[in-house]
Amino acid sequence: MINPHLNLFIESGLFVDGNMNWKPIMPAIIILAPLIGFIINGAISLYLNRPNVNSKGESSNGLKRIVSVVGPGSILASFIVVGLNGFRMLLAGHPTTFNANYWTWLQTSDFQVNVGIQIDTLSIVMMAVITGVGFLIHLFSIGYMESEKGYARYFAYLNLFVFFMLILVMGSSYPIMFVGWEGVGLCSYLLIGYWFEDEEKASAGKKAFIVNRIGDLGFLLGIFLLHSALGSVDYVGVAENASGVFVYGGGLVTLITLFFLLAGVGKSAQIPLFVWLPDAMAGPTPVSALIHAATMVTAGVYLIVRSSVLFAMAPVTSALVAGIGVSTALFAATIACKQYDIKKVLAYSTISQLGYMFLGVGVGAYTAGVFHLVTHAFFKALLFLGAGAVIHSMHHALHKVHSEDDPQDMRNMGGLRQYMPITCFLMWIATLAISGVWPLSGFFSKDEIIWMTGSFAMAESSPFPSLYKIYWVMAVATALMTAYYMTRFMVMTFHGKNRTVDGAGSAIHETPKIMLIPLIILGFLSFFGGWVNVTPHLMESVIGGFGALPMTDWLHHWIEPVIAESHHIQLENIGETGHVSPVGGGEVFWAVLSTCAAAVLVIGTTYFKSKSLSYGVLGEDSGTISRFLYNKWYIDEFYDKWIVKPLGQMSKFCWLKFDQGFIDRAVNLSGRSAKGIGWFGSLFHTGQVNTYAFFLTLGLLAVLITVMF
Amino acid sequence: MSFLNQWNYFLALGPQAILTTFAIGILLFGVSRNNTSDEHQGWLLGRISLAGVIAAGIVNAGLYPFADRLSDGIVAVDRYALFSNWVLLLGSAMAILISISYVEKQRIQVPEYFALLLFATVGLMLMTASLDLMLVFIGLEIASISVYALATIDQRSPKGSEAGLKYFLLGAFSTGIFLYGVALIYGSTGSANLTEILNATVDADDTGVMLITGVIMLAVGFCFKVGVVPFHMWTPDVYQGSPMPITGYMSVAIKAGAFFTFYRIFGIYLDNIQFSWGTVFWWLALVTMIGANLVALVQNNIKRLLAYSGIAHSGYLLITVLANNTTSESGLLYYLAVYTVANMGLFAGFVLVANHAEHRVEVSDYAGLGSKQPFIAMALTVFLLSLGGFPATGGFIGKILILRGALEDNYLLLAIALVISTLISYWYYLRLAWFMWMKEQAATPNTEKAPEIEIPLALKLVLAVSLVLIVYAGIFPSQLIGFIETSLLKG
Amino acid sequence: MSGSYIPLLVLFGVSIVNAIGMGIASHILNPRRPTPVKEMPYESGMIPLGDTRQRFSVKFYVVAISFIVFDLETVFLIPWAVNLQSLGWGVFGAVSLFVLLLALGLVYEWRKGGLEWE
């Protein structure tokens, strides 16, 4: 047996599971490359931070160049290895699960956790998205963050994030996933507070961290319960033992999945824990694109897909997953309709789309959930980066004319198409994709979720048929609303009359090349990305151009092995899904939905264009509903009043009672007695020490009384 | 009684004897020199006491072959006691290292300082190894009295005097309670020897009022020492007033020593009557975890913050005494080891930032440390994360073990409370980290700029070693856990 | 099982009631006719000068502590001396160590100036 530490780099791990004929090449490189990037960039950042270095401009420029190479380069290296392995996996024909255990992390009498990775079809898809989209965003960041002070620090954090994210998806057990889970939370916290001169931004980071911790509580308890029940916390063990131990709809599996759901809700910003994501937009825009749109926030979906066996056995939790998902989708979409901050619209749109993914995994359409995750990563990253490009030029333009206007406020934009035509074109692709217009990627992924929801309601023994029908209606409504707010977003930003401060408009110009290239690649992916998962009967219909377009249902087969067990459970207990919908007619429904979305787009465009989009008109939303939506349903205020404030008061109260009261009042030991601090103090002569002793005695008596009776 | 037998007893107390010798030597060295204002006395005596600790460590290692043969005396030489010696010696070695520059700069009476530090360690080691309540008491008092004196050792500091006096008065009070408990236990079982108490309580039905009252009073005495709510009130005041390295030592060694003994007495020898103290401990643990963490949220003085954090950790550790199975026992040992390292590391950083004095102890004074002193800030951040229980640090593994142990004995509610209070604790640990990394140092209005921090070698050593240990314990914990599992009392 | 604690509770109760009751009773029952002379701390003594809480030199404590230490030494030494024959050399060694430690303490105190009055 080879030493596992040495073996790390050679070819595989210590232990090869299942089929021997497929082994990944250097899987450790995938994880280690970003880590090395982090170390190098971190070291450079610390070096540059030294007070005496700042004066030497030249050397810092040279170092900056190194950062620009190392930052994206390390992710590219990862991506290449992932691609290579993916390709090999593809060639191997029947994808197998690869497991490598490097060392024993934790071992007690009956609890063992190995540090190990698992590469299977699901994790390689996630890895490809993380490193691929991650690389593009790193590339974009070179341009975007060019003039920022903490350039190296930024890339260090970004690399660290990718490192933890890869741990999250590559870990072979829940505790390893938890390490990544916590790590990405930490990085998110660091990156949101990146512009730390700004008090508000730093506190937004804290909000994100704390809310995420509530989710982590669920994760930890879920892991422990899972271990108590199954005696195993690695995916292979869980999948093997689950069906033997749990019963369909049983209490224990429902409890475990509820805890996991809590974790997912926190991480993926679903109701009621979504409040942190809009605030998290305080970070740099590429960070929003990478962490808060494409990768980290989808970790909740990944967790549920990973635990699909458990969720499939817990119909109540699944219904809750779907319910939370679709409610969040609708709810966030309504808010997005009335926001003016360009990033806030996208933030709520992200929450809404994450809701779709939850809906998908809630109705057992795990493939559809992952599929939407992938396409969403493409088009939402594109939207965010495009918005970043807009903000970038707006910022410079406004800076040039010394304007104090908010470069993120869409009321200050308008008509940007003439200055940034390529960006505008690419953004329209993403908009059409997210709205679900044929034949762009969003159409296939989102409509599949809606379709699966409908068919789940119609399934033979669907657990809550009428509930799922309501979900279906809500999902359709959200789809149309998505088209509406995205149109509003595009028109306000790129069309109509230019509303920037005088003279600033002409200073706006097209994005630099280094930022444009990632946008173009993402645009391509947003367009064609959906063609990898189209069911054969759709391909043969008008949607697939009667078989003429190069579409495939590849992803479906690719993910299948990971979720086969859950499909099996679903088939047994619920019946076949995916064939009928509440309004009948397979491909017709898809076409209708797409047409509707397109219609909303067209109508919306003309409506907003015809409306005089002057600053004043849009600024004053006098309607009650508008104000209600603009203020995001007053959810933040609600939390502040009912949770944050009471907690703070409780802490203050305890503090005053047990701490401050004695410290502030009592000044010194000596001489205290004569003056006395009222009846209480004089009763116990010297002040504080006696008070302490008094409480000590009271405590003792309390304890004794507790024992006696 | 043969001489050989006596020799065995001396052997059993080998590490303690070595430390005592060194301590007395240091004391005499101090009075033998006329020029007491020697500048480098701190460095010299610090090295001598460090040598003493190392020598004690060597003897401790040498005791392993005897570990299971010497079991008839009132001093246990079992692997549990030897393991606790390791933790205590590690804690005091670190305390010595971070003290050296401090005592020189503050012109503290160096020989007394180091001698008392060693005596305190001797007391704690005696306490953890003793199998007789009277010996526990003696050990506890040796340690306590030394620390009372250490708290007031800076005679020019009124705060220090106040803290020491306060600690002394309340400590004496709690000692009274403790001793009262011992007396009641003696009265009802006829012995102060733990083994005989165990035999006397085998038949749990005829436990009288006296025994249970005694046990509870004993527990309260311990709870005072480790700072369990509501017996914690002295902690923040005393921590705040004491010299910084001593605060570090108190927060680590006293707590570790008391908990090692606590577990030995309650987890093993009073296990038969767990029904009597179980409920109380359950409540104490709950109140301590939640209460201390809540109060810590609003603290601005780092020493008070750490005091409340330490109280909260006592709450976590109380769960292990309660759950009392092999997992939770290894959890206790692991947690104490990691906690010792992390907390001492943290205090090393504090001493540095305070520039070996007592100023700059507000949380806001740590603003901008990340850019000025990245290494220190990074180390401190890791220690804070470890205290909070972040994955890939030692603290996480410790918490997992405690949680696991609690769940094995079905203390689900306590486990949830532990996780929730951990969540709360993140807020204030991260607040400090946030100040270090996310805030620029406020432009100092007063002309004296914050002095450049000079890092003495000793402190560098403490920081680096702690950092490595914490990270190692977080990523490769299995070796340490394996070692701990051979050191359990519940074998 | 809590039945066995009832005597204890009764004892608590009785003692508390007794303590409070005595105070209250004497307060109610005693006849009070204050005169300036009666208000004085010592009705027929000297009029006190200054505060009763006087500090006195810490040196007294040092001497007192030294006394107690060596006082206790005799407590151990005399029983040992009486049984010297039967206890043997082992105990002799132990006692010698004890005396040595005390002697070292004395040396320390001496050198430190603990025995000098000025």
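A residue counts as buried if 20 or more other C-beta atoms lie within 10 Å of its own, as exposed if 12 or fewer do, and as partly exposed in between, with C-beta atoms placed from the backbone. By this criterion, 63% of the 491 residues of chain B are buried, and 56% of the 709 residues of chain A. The model is predicted: local features need pLDDT of at least 70 and side-chain atom pairs count only at pLDDT 80 or more, while totals for chains, interfaces and linings use all residues. Residues are numbered from 1 along each chain as its sequence is written, and chains are lettered from A and ligands numbered from 1 in the order in which they are written.

**Figure 1. Overall build of chain B.** Chain B has 20 helices and zero strands, where helices (H or I, at least four residues) and strands (E, at least two) are DSSP runs numbered from the N terminus. Its radius of gyration is 22 Å, close to the 23 Å that the globule rule gives for 491 residues, so chain B is as compact as a globular protein of that length. The radius is taken over C-alpha atoms, and the rule is 2.2 Å times the number of residues to the power 0.38. Along the principal axes, the C-alpha atoms of chain B fill a box of roughly 70 × 55 × 40 Å. Of the contacts in chain B with a separation of 6 or more, 81% are between residues 24 or more positions apart; a contact requires C-beta atoms, placed from the backbone, within 7 Å.

**Figure 2. The largest nonpolar core.** This core holds 436 residues, and the members that touch the most others are F161(A), L166(A), A381(A), I98(B), I319(B) and L418(B). Helix α16 (residues 366-400) of chain A gives the most to the core, with 20 residues. At least three residues come from each of domain 1 (85-146 + 160-597) and domain 2 (636-708) of chain A, with domain bounds taken from an automatic or database domain assignment. A nonpolar core is here a set of buried Ala, Val, Leu, Ile, Met, Phe, Trp, Tyr and Cys residues joined through C-beta atoms within 7 Å. Leaving out residues up to four places away in sequence, L166(A) touches I30(A), I31(A), P34(A), M127(A) and I130(A).

**Figure 3. The side of chain A that touches chain B.** In this interface, 48 residues of chain A are in contact with 57 residues of chain B. On the chain A side, the elements that give two or more residues are α2 (27-49), β1 (98-108), α6 (174-192), α7 (199-230), α26 (635-665) and α29 (688-708). The residues of that side divide into 31 nonpolar, eleven polar and six charged. Ala, Val, Leu, Ile, Met, Phe, Trp, Tyr, Cys and Pro count as nonpolar, Asp, Glu, Lys and Arg as charged, and the others, Gly among them, as polar.

Figure 4. G310(B) is in helix α13 (residues 302-323) of chain B and counts as buried, with 27 C-beta neighbours inside 10 Å. Not counting residues up to four places away in sequence, G310(B) touches G227(B), T235(B), S251(B) and K255(B). T235(B) is one of the buried residues of α10(B), a helix (residues 234-241) in which eight of eight residues are buried.

Figure 5. Most residues other than glycine have a negative phi, and most peptide bonds are trans. In chain A, a cis peptide bond with omega of about 5° joins I271(A) and P272(A), and P272(A) is in the loop between α9 (251-267) and α10 (276-279) of chain A. A269(A) is also in the loop between α9 and α10 of chain A; its phi is positive, near 55°, and A269(A) counts as buried, with 30 C-beta neighbours inside 10 Å. In chain B, the cis bond joins V229(B) and P230(B), with omega about 5°. R107(B), in the loop between α4 (79-106) and α5 (110-129) of chain B, has a positive phi of about 55° and counts as exposed, with 12 C-beta neighbours inside 10 Å.

**Figure 6. Confidence by chain.** The mean pLDDT (the predictor's confidence in each residue, from 0 to 100) of chain A is 78, and 81% of its residues reach 70 or more. Over residues 1-20 of chain A, pLDDT stays under 50, and the model has 34 contacts beyond four places in sequence for them. For chain B, the mean is 85; confidence there is lowest in helix α1 (residues 3-12), at a mean of 66, and highest in helix α6 (residues 133-151), at 93.

Conventions:
Two residues are in contact if their C-beta atoms, placed from the backbone, lie within 7 Å.
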